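Here is a short report on a predicted model. Keep the sequence and the 3D view open while reading.

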Amino acid sequence: MQPIFYDNPLAPLLIRNYLFSSIPEYVDHLVVLCIGSNRINGDSLGPFVGTLLSGLYPKHMTIIGNLKRPVDATNIKEIVKQFPASPSTYTLAIDSVVGISDYIHTIVVRNGALTPGSALDKNLPSVGDISIMGVMMEDCEDIATLPYTNLHIVYQMAKAIALGISLTVRQRFGYESTSSILINN
């Protein structure tokens, strides 16, 4: 999938289209693992997405990680061990990443796991059947600037991702089109 700019008005629909076509038919529950810190702007994408989706569609979606209880380098290994072990469960992993300049401030959705903390040389488990990554800065930039990432960009990106996931779940599991698509809109 091509990278999606965070401010593209069609971003939630593009995310929904990719997720909808990528989730196998046998899946009846999604685990959305929202990775990141609530203390570093550029690493708060996952917790924002988790907060926006918390409590939505609990029959078909479990949200792990939000602004109140983030999933980060200090607890991800333990949390991954506690994942629901069902063949009909699919995991969407969301995290902030660094990338090449052409991808800055884009959302990248792809099949397969992501490896959180790799930009900081952390040895953390790869997670996810599908990865949703928000590219916050260029990988050659000084990582010390990550806390000063524009929070507006992070939040708008989080909203686009959360809407895309919500629309996917609503369509995939047959919820009414009048049902809520975000908790904290």
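## Strand pairing around β6

In β6, S96 has G134 as its bridge partner. Strand β4 (residues 89–99) and β6 are joined by eight bridges. These two strands run parallel.

Strand β5 (residues 106–111) also pairs with β6, through five bridges. Here the strands run antiparallel. N111 has its bridge partner in β6 too: I130.

## Burial of β6

How many of the nine residues of strand β6 are buried? Eight of the nine are, so β6 (residues 130–138) is largely enclosed by the rest of the structure. Buried here means under 20% relative accessible area.

## Packing of α1 on α4

Two packed helices are described by the angle between their axes and the distance between the axes. For helix α1 (residues 11–22) and helix α4 (residues 151–172), the angle is about 45°. Their axes lie 7 Å apart. The two helices are therefore oblique to each other. The crossing of α1 past α4 is right-handed.

Which residues make the contact? On the α1 side they are A11, P12, L13, I15, R16, L19 and F20. On the α4 side they are A160, I161, L163, G164, I165, L167, T168, Q171 and R172. By class, the residues of this α1 and α4 contact are eleven nonpolar, three polar and two charged.

Notes. Residues numbered from 1 in each chain as written. Predicted model: local features only at pLDDT ≥ 70, side-chain atom pairs only at ≥ 80, totals over all residues. Heavy atoms only, no water. Axes fitted to C-alpha atoms, helices over the stretch in contact; angles between N-to-C directions. Helix = DSSP H or I, 4+ residues; strand = E, 2+ residues; numbered from the N terminus. Parallel < 35°, antiparallel > 145°, perpendicular 65-115°, else oblique. Left-handed = near helix turned anticlockwise from the far one by under 90°. Contact = heavy atoms within 4.5 Å. Nonpolar A, V, L, I, M, F, W, Y, C, P; charged D, E, K, R; others polar. Buried < 20%, exposed > 50% of the residue type's maximum accessible area, 1.4 Å probe, protein only. Pairing = 2+ DSSP bridges.
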